[in-house]
Amino acid sequence: MTLSHVQELRLDNGFRALLAPRRSLPVVATVLWYQVGSRDERTGETGVSHFLEHMMFKGTQHFPKGQIDLLTSKMGGSNNAFTDCDGTAYHFALAADRWESALEIEQSRMRQCLLDPLEFASEKNVVLEELAMGEDDPWRPLYQTAESLLFQVHPYHHPVIGYKQDLERLSVDSMRGYYDRHYGPNRAFLVVAGDIDLDRTAARVNQLFGAMPANATPRAEALAEPMPQGERRAVLRTAHAVARLCLGFPTTRAGERDDYALDVLAHDLGIGKNSRLYRRLVLDEELVTDVSVINETRLDPGALFVLTELRQGADLDKVERIVREEIDAMAQDGVDKHDLARIRAQIRASFLFQDESVLDHALKLARFEALTPGGYKTLATVLPTYESLKPEELRQAAARYFAPARSVCVQAVPGRAEGNGAAAHKNGKAGKLKGGEPKDRPLQDKKDKKAGKARKSGRARDGKRKEKRRS
Amino acid sequence: MNTTAIRLEIAEQQLDTGLTLLAVQNPGVATFACAVSLDVRAGDEPKKQSGLSNLVGDCLDEGTEQHDGLELAAAVESIGGALEGNQRGGLVMCPAEAQRAGTELLREMVLEPTFPGKEVRRVQGEVLTEILSDEDDPRTVAGRRFRTEVYGEHPLGRPAHGTRETVATLRPKHLRAFHAEFFRPANGYVAAAGPEAPAKMLAMLRKVFGGFRGKAAAHTEMPVVALPPRARDVHVPMAREQVHVYLGHVGIRRTHPDFYVLSVMDHVLGTGPGFTSRTSRRLRDEQGLCYSVSAGITPSAGEEPGMFTAYIGTSPEHRQKAIDGFLAEIDRIRREPPTQDELADVQAYLTGSFVFGLERNSNLAAYAIRARRFALGFDFLHRYPDIVRAVTRDQVLEAAQKHLHPEQMVTVSAGAS
């Protein structure tokens, strides 16, 4: 990918901006990315990152409550935000002749969010409703349980939306402290893409953000997750009629060479109709309706997940055995060269499709800037890196990451007992699980659930970064 | 935004079969999309075979005269494409360099499916599991029941996937017969969007789809949907955390002359961006009753009448408060016109945001089809701002009084009691 169109600004206070002109339509997208997410939350304050994201729309000193949405609407654009474990991002898509107001809004809410106590109390109800919505979803508890088993020490253990008790107890003063510690120009960067004048935009960024003090504390290292000493398992008794299975494996950081290998392995395993698991479980054995494989690398070592929904009467243990057999076969045989060519074509195309809209383009730049050691410039090496992966290297990566002793397995079984929404452990550490608590992921949304599935012929959408949207 | 600044190059040709070919240029992208949308209607499937057209769409890519399902998938994947069938045809998206190959695969999938028995039975099983899974989801349960209550015997009242009973009876021969009878060129559209010149894309479409022949299908007359004589309230209890509530009644067709006035009304009432609409501001932002809330009559307007639908997902103790909140706002918009500021804000939003629907190839192809199917004209893009700016406060009030009927609304909820 050519990056010559991207201009990088670095201000003295640590703030950075990437300006990416593109003039096919008179539109502009901005993304302001804060390097703070649920990973940075302390015990007892889970969910504060996401809740704070909601509050950033509830008024600043210059933009009273309701004004951010109203101004956006008047400008004929849209805004939204998401929080995940590694970051929080705010974005606008606006007409090219009026987009600069987005910068003024972002500048104001970086340090001047009102955090009004009455608004805080009202919005807490909204967040608790959002949490309740997730509890009704069949996938969220499954995924959340797998994640809490995978990460027993690292803060990836807890859900982005937080625990109900923490949210209920959270005070506006605690949130203000969190805001003061983590929100500042030295913990944020901006991406502006679209029909912009480079010089004028650079001057405006300097003018608005250049004088702000570098107030935020440096980002702390998270506790490293120790290597698992054996397989971890849980069985959830759910109120849903369909059985589901999730296998997870700890992996690596985003942008490392193995991340690319894991993307290819995810395709070979379960993305597309010609993937191993689709052929075996959906077509040959007819045990499941579909299968998803998500390589979710993160700032700190992430995980790869295999998710599947069983057909009525299918045996969960048999499905799990077959998944493991196919993983073993991949670790034994590697990726067939014809399959590798097909997978590379899919990945190349996915990359192109991520540039169709100006907001997608801005978000792609932002994600690479936030999550990979090389920042947005990594984009120039992404496709060559995929091309350079050889079958033997892939085979070794599969053997290294997908050993059974590193895995977690969560089965969701129909038939919740009255008053029992929690997990029953086979092995695992009792008391560690919070089976009723949702993971804040749109995997549960039907739209996204389908998008990540293999049933569609051809390219699957990139399921890598899952986010929580504000609305 | 001045939409005259947006140049949309579109080429069009109607073939003697009645199939219309459309090509839209999207300069500067390296990708391509092509959509087929044929004249397949909700009433084309018999009631006792509810779910048939959905299963036809799901099984289009399970095998053709040239390729079995896996070969077809491999062919698409090898060009970096994605191919998806639906009830009216399908969609292919691929890199622009592979547009001819992608379009050929789309044609093959839509026009030459064989519906192999083993694969149809497999997909049928998957659909049955999906139905079972949907029966678990209170939002889906409420939404489907709401649709049934609103449409009654109209085919749109049936669940698109069918029911467990109807889907279980479907056989490959039913799919083949349905496809042969209704996948015809007359009144159908093929629309491509990509970086090539429109004339060039049109020539390619002509080569690929020129051989698609067949007489027009005969369609069943759709029944008229009437408003119920009085309001009614249905609750489906389910052991869940939240309750999902739908309120509303039958709505309008896309071609209704009040469509644009009602679109403005929708944005004031319940479909505005962020929390600018009255219902999201009142029920979510001020009262904290929910995470998700909306209300509108135009989003579902199509060839058949859509629905006025107000939705909220909330805790069971807030159910009645949420319903009362909706009814209060519906009453208000029927009693007094929107303020001048509300009207101006919505007009600014609608005229400015239009362009964002034109960013992706698949959206451009859909726009071209919509412009033709609903006789909007390709200059619609440039006329739209004036149409929206011409809407007055009194027109919004009048349209709300004419099209919203709180005394005849159906309320359906599912979830926690």
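**Entry 1: two helices in chain A.** I began with helix α1 (residues 48–55) of chain A and helix α7 (residues 172–182) of chain A, which pack at an angle of about 90° with their axes 10 Å apart. Helices here are DSSP runs of H or I with at least four residues, strands are runs of E with at least two, and both are numbered from the N terminus. Axes are lines fitted to C-alpha atoms, for helices over the stretch in contact, and angles run from 0 to 180 degrees between N-to-C directions. The angle makes α1(A) roughly perpendicular to α7(A), a label that covers 65 to 115 degrees.

Which residues meet there? I found V48(A), F51(A), L52(A) and M55(A) in α1(A) meeting S174(A), M175(A), Y178(A) and Y179(A) in α7(A). A contact means C-beta atoms, placed from the backbone, within 7 Å. The residues of this contact divide into seven nonpolar, one polar and no charged. Nonpolar covers Ala, Val, Leu, Ile, Met, Phe, Trp, Tyr, Cys and Pro, charged covers Asp, Glu, Lys and Arg, and the others, Gly among them, are polar.

**Entry 2: a note on the model.** I reminded myself that this is a predicted model, where local features need pLDDT of at least 70, side-chain atom pairs count only at pLDDT 80 or more, and totals for chains, interfaces and linings use all residues. Residues are numbered from 1 along each chain as its sequence is written, while chains are lettered from A and ligands numbered from 1 in the order in which they are written.

**Entry 3: the domains of chain B.** I counted 15 helices and eleven strands in chain B. The domain assignment, automatic or from a database, gives domain 1 (3–209) and domain 2 (232–415). Their centres, taken over C-alpha atoms, are 27 Å apart.

I then saw that 34 residues of domain 1 of chain B are in contact with 35 residues of domain 2 of chain B. Which element gives the most to the domain 1 side? It is α5(B), with nine residues. That side divides into 23 nonpolar, eight polar and three charged residues.

**Entry 4: where the chains meet.** I turned to the contact between the chains, which takes 65 residues from chain B and 55 residues from chain A. On the chain B side, α2(B) gives the most, with eight residues. The residues of that side divide into 29 nonpolar, 21 polar and 15 charged.

Note on methods: Contact = placed C-beta atoms within 7 Å. Parallel < 35°, antiparallel > 145°, perpendicular 65-115°, else oblique.
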